[in-house]
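Open the model in your viewer and keep the selection tool at hand. The tour moves from one selection to the next.

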Amino acid sequence: MPPINVPETDPDAIARAADVPLAPRTLAAQAMGRIDPVTRAVVAPLHLSTTFQRDPDNGYSSGFSYARPDNATVREAEAVIAMLEGAAAGALLFGSGMAAAAAVFSALQPGDHVVVPRVMYWGLRRWLAQEGPRLLLSVDAVDADDPAAIRAAMRPDLTKLVWIETPGNPLWTITDIAAAAGIAHAAGARLVVDSTAASPHHTRPLALGADLVMHSATKILNGHSDVVAGVLAARRADAFWERIAAIRAGWGAILGPFEAYLLMRSLRTFPLRAAAQTAGAAALAERLARHPFVTVVLYPGLSSHPGHAVAARQMEHGFGFMLSIRVAGGESGAVATAASVCLWKRATSLGGVESLIEHRASVEGPGSPCPPDLLRLSTGIEDVGDLYRDLDQALRSAHGNTGSAEP
Ligand SMILES: *Cc1c(COP(=O)(O)O)cnc(C)c1O
């Protein structure tokens with residue numbers, strides 16, 4: 001590769017100057033190569049100003065007028081996420097994943113029909129049940145891992161949005177993104193993918209035909225369990241995308257600059273964290289599948305998982321950092337196992353560097369497809385031997401057996 005010698009303030013220039021496209025982790029590590037033009041700082045400053053001086057002719061030549069519609073620190077993180085997703089139209093950060101998802105559904109018209117998966121983030125399912133009728137949306141939930149079920153739910157001229165989540169929380173159900181995009185587009189609808197559990201490390205939904213991709217950036221994109229954030233990235237800057245930007249500005253749903261700064265810091269190491277957490281999850285899945293007190297391991301990387309073949313086609317660099325186990329002894333076996341861990345933390349959320357375990361059925365409530373004997377595991381970056389030994393002792397003590405750690 002020739003030496004990189006480009007104007008240092010153009011975030012895209014480094015990518016253009018290289019003779020081969022630079023890898024996402026290269027661009028992420030350098031935050032798109034941006035150097036602050038005033039101080040030459042390699043870390044972009046944190047922009048807190050809520051307001052900006054007008055030019056003598058009353059214009060805003062900087063492009064910034066007020067901090068509710070837009071913010072320069074937010075833009076830094078958006079540029080990295082848009083690069084990771086290959087999003088030609090860019091990305092928009094929101095104050096949470098739920099705010100990002102709500103903006104998409106709120107950009108629809110009254111009377112529109114939407115198709116959503118049965119296995120999805122419980123908070124969004126509940127929000128749709130509560131707010132969908134108020135927005136005059138009609139919502140159908142389908143088994144989205146079966147393309148025929150999506151096709152059968154489409155209503156000619158009425159269905160405007162197909163929403164999928166893959167891998168789908170908490171069973172890690174796999175939906176074929178390209179097939180779903182074909183079905184949505186044939187009916188004149190948009191496909192939006194909640195790709196939180198896949199992350200851009202494993203899947204790039206826009207390249208597979210999706211129109212929008214959504215993440216809870218609270219999860220592995222930030223990865224340090226200290227920021228709540230959400231993001232949408234778009235393939236095309238069309239009227240729908242403009243309406244979403246107008247909703248963010250009008251509702252004041254933009255991410256705060258401090259949070260954007262922390263997220264930017266995290267994004268620089270995101271590909272490394274994702275690779276380490278995925279290697280850990282894959283190793284745990286293999287070992288737990290042989291454990292005497294585990295009845296089923298749900299992980300798309302296992303050939304026993306019903307979505308494995310589709311996952312192998314549409315995911316790269318492995319199958320993600322999330323898995324679930326079903327525990328012998330039903331709900332009480334699962335709850336007792338979670339009660340007996342020492343190293344794993346009993347907590348909700350996922351994607352952080354610390355490993356978390358959660359009994360999901362107690363969280364998700366009515367309408368959840370989650371079986372009562374299921375524990376959800378979010379793999380962090382700890383030593384995988386330490387993580388396995390802690391789960392093994394917890395499973396054994398929950399089942400009154402204190403045998404050795406090796407199955
Ligand atoms: C956490 C999560 C959300 C919601 O994101 P928040 O940042 O908590 O608002 C949406 N989808 C999935 C898959 C999630 O895990």
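Which residues does Leu-158 touch, not counting residues up to four places away in sequence? Select Leu-158 and look around it: the contacts are Gly-111, Asp-112 and His-113. Keep in mind that this is a predicted model.

**Stop 1: around Leu-158**

Leu-158 sits in the loop between α6 (147–153) and β4. Its relative accessibility is 39%, so Leu-158 counts as partly exposed. Leu-92 and Leu-158 are 66 residues apart in sequence, and their C-alpha atoms are 27 Å apart in space.

**Stop 2: strand β4 and its partners**

Step on to β4, residues 159–165. Six of its seven residues are buried, so the rest of the structure largely encloses this strand. Show β2 next. β2 and β4 run parallel and are joined by three bridges. Look for Val-115, which stands opposite Val-162 in β4. Then show β5. β4 and β5 also pair in the parallel sense, over five bridges. Here Ile-164 stands opposite Val-193 in β5.

**Stop 3: the seven-stranded sheet**

Zoom out and colour the strands. Seven of them form an open sheet, in the order β1-β7-β6-β5-β4-β2-β3, with mixed pairing. β1 (90–94) and β3 (138–142) are at the edges; each has a single partner strand, so one side of each lacks a neighbour in the sheet. On average, neighbouring strands of this sheet are turned by 20 degrees against each other, direction ignored.

Strand β2, residues 113–117, pairs with β3 in the parallel sense over five bridges. Pick Val-116: its bridge partner in β3 is Ala-141.

Now select helix α9, residues 239–251. This helix lies across β1, β5 (190–194), β6 (212–216) and β7 (230–234). It runs at about 30 degrees to β1.

**Stop 4**

Select helix α4, residues 97–106. Eight of its ten residues are buried, so call it mostly covered. Among the buried ones are Gly-97, Val-104, Phe-105 and Ser-106. Look at the start of the helix. There, a side-chain oxygen of Ser-96 reaches to within 3.3 Å of the backbone nitrogen of Met-98. Keep Met-98 in view for the next stop.

**Stop 5: the ligand**

Which residues are closest to the ligand? Display its surroundings: 14 residues, the closest being Met-98, Asp-194, Ser-216, Thr-218 and Lys-219.

- Met-98: a polar backbone atom is 2.8 Å from an oxygen atom of the ligand.
- Asp-194: a polar side-chain atom lies 2.7 Å from a nitrogen atom of the ligand.
- Ser-216: an N or O atom in the side chain is 2.8 Å from an oxygen atom of the ligand.

Taken alone, the ligand exposes 380 Å², and the protein buries 91% of that.

**Stop 6: Gln-314**

Is Gln-314 buried or exposed? Find it in helix α12, residues 308–314. At 10% relative accessibility, Gln-314 counts as buried. Show its side chain, which reaches the backbone nitrogen of Ile-177 at 2.9 Å. Then list the contacts of Gln-314, leaving aside neighbours within four places in sequence. They are Thr-166, Ile-174, Thr-175, Asp-176, Ile-177, His-202, Thr-203 and Leu-208.

**Stop 7: the five-stranded sheet**

Move to another open sheet. Its five strands come in the order β8-β9-β12-β11-β10, and the pairing is mixed. β8 (294–298) and β10 (345–346) stand at the edges with a single partner strand each, so one side of each has no neighbour in the sheet.

Select β9, residues 322–327, and β12, residues 374–378. These strands run antiparallel and are joined by five bridges. Leu-323 stands opposite Leu-377 in β12.

**Last stop: Thr-379**

Finish in the loop between β12 and α15 (384–398), where Thr-379 is found. Its relative accessibility is 0%, so Thr-379 counts as buried. What does Thr-379 touch, not counting residues up to four places away in sequence? Its contacts are Gln-277, Gly-280, Ala-281, Leu-284, Phe-321, Leu-323, Gly-352, Ser-355 and Leu-387.

Technical notes: Residues are numbered from 1 along each chain as its sequence is written. This is a predicted model: local features need pLDDT of at least 70, side-chain atom pairs count only at pLDDT 80 or more; totals for chains, interfaces and linings use all residues. Side-chain values use heavy atoms; hydrogens and water are left out. Two strands pair if DSSP finds at least two bridges between them. Helices (H or I, at least four residues) and strands (E, at least two) are DSSP runs, numbered from the N terminus. Axes are lines fitted to C-alpha atoms, for helices over the stretch in contact, and angles run from 0 to 180 degrees between N-to-C directions. Contact means heavy atoms within 4.5 Å. A residue is near a molecule or strand if one of its heavy atoms lies within 4 Å of it. A polar contact is a pair of N or O atoms within 3.5 Å; within protein, one must be able to donate a hydrogen and the other to accept it, and residues adjacent in sequence count only if both atoms are side-chain atoms. Accessible areas come from the Shrake-Rupley method with a 1.4 Å probe; for residues, only the protein chains shown count as cover. Buried means under 20% relative accessible area, exposed over 50%, partly exposed in between (1.4 Å probe, protein chains only).
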